[in-house]
Amino acid sequence: VLITLESQRATSTLPETRQPVTPVLDALAADSITPRRGYSVFPHTSKALTAVTCGIVPPADAANSEAEPTDGIPAACLPALLGEQGYASKFFQTATEHFERRRGTVANFRYDELMPLDEISPVGLHRAHYFGYEEHLMLEPQREWLEQQEGPFMLGMLTVTGHHDYKLEGYEEIDFVDDPLLNKYLNSIHYQDAFVGRLIDMFKELGLYEDTVFIITGDHGEGFGEHRVYQHDNTIYEEGIRIPYLIHDPLREGQVLDDPTDQLAILPTAVDLLGFDLVGAEGYRPSLLSGEEQPPVVATCYARARCMATIDGDMKVIHHFGDRRDEVFDLSTDNYERVDLADQYDEAWRNRHSEFATKWYVAAENFYEAAREQ
């Protein structure tokens, strides 16, 4: 079960709140495999879904090319790989399928079926924002589909409530913080957290829980002016790219992994947990269960040539294209990125990190260009 939580930043990036925002995920974390810091590679939903589902860097464009029918995703994604092993698959969302051509993207992932908002009756439930409804709407059709399965399955889903403009109807707000906009967002995140709890309860009711691996991650975070940036596309700071990242196998003990990692490690880890081997695995991240060191994390802004970040251990270098100088943060002592240490590191050290990120970006572009030419 692959759960992607819309716009959900890691709670470690939040200011102090009057009560816990994500009690379900907090409890699950103790019994899950989770990196100390997990990251989105591309803080935009369709791109993040590609990274999560396919284990490859998504196409770095604003044209939703991952939805193109011929060469959108030149790789075997998790539903395709598991489909070869007899797994049925279905993807659910309570946003319309037309938003960012989601049907095309899900088809390229090779899910057998998609059930978007357009095919679910929203009677009795409420709008979450301008293009979707609350995700509890998915539970009943998911139950019906699960009850029809006679063999192994992959269930994927994307929540929507965390997306701006955070206007969930028919919901009594909890008082988390004083800032009214941030408080609306936190209520949306709290709602998504409750959905995860209800989904897992449903699996327990159906007798499926102990035989299911749950992977729970965010597509990206969300900024509220902490670094003069709002929302997500170009929020390269921790509030924009650090996300919840839990791999919950009821038959395994919880484990916190020291290396920071990103969404690209999800596919190889899922394959590993399910007892399969990846052929040609050199193109993927190491599984989080392999004991191998994870490579440095790279994240990029949605706008081309605007900003990128490299996270290597505790050190984070943000490369700003153009005239703005790069920034350096030690996340072990400065989780909220308040103290720029760029002056304490020589230019050659900073340039090595920036060049690493740029080469990562160019390699991804060349990968897609080569696929289009085949």
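Visitor: What lies over the face of Y209?

Guide: In this predicted model, K204 lies over the face of Y209, at 4.8 Å from the ring centre. A charge sits over a ring if NZ of Lys or CZ of Arg is within 6 Å of the ring centre and within 35 degrees of the ring normal. Local features need pLDDT of at least 70, side-chain atom pairs count only at pLDDT 80 or more, and totals for chains, interfaces and linings use all residues. Residues are numbered from 1 along each chain as its sequence is written, and side-chain values use heavy atoms, with hydrogens and water left out.

Visitor: Which residues do ring pairs link into a cluster with Y209?

Guide: Ring pairs join Y209 with W145, F153, F203 and F214; the whole structure holds 13 aromatic pairs.

Visitor: Why is the pair of F203 and F214 called edge-to-face?

Guide: Rings of Phe, Tyr and Trp (its six-membered ring) pair if their centres lie within 6.5 Å, and planes under 30 degrees apart count as stacked, over 60 as edge-to-face and the rest as tilted. F203 and F214 lie 5.2 Å centre to centre with 80° between the planes, so the pair is edge-to-face. F203 belongs to helix α6 (residues 180-205) and F214 to strand β7 (residues 214-218), 11 residues apart; helices (H or I, at least four residues) and strands (E, at least two) are DSSP runs, numbered from the N terminus.

Visitor: How do you know whether F203 and F214 are buried or exposed?

Guide: Buried means under 20% relative accessible area, exposed over 50%, partly exposed in between (1.4 Å probe, protein chains only). F203 has a relative accessible area of 0% and is therefore buried, and F214, at 0% relative accessibility, counts as buried too.
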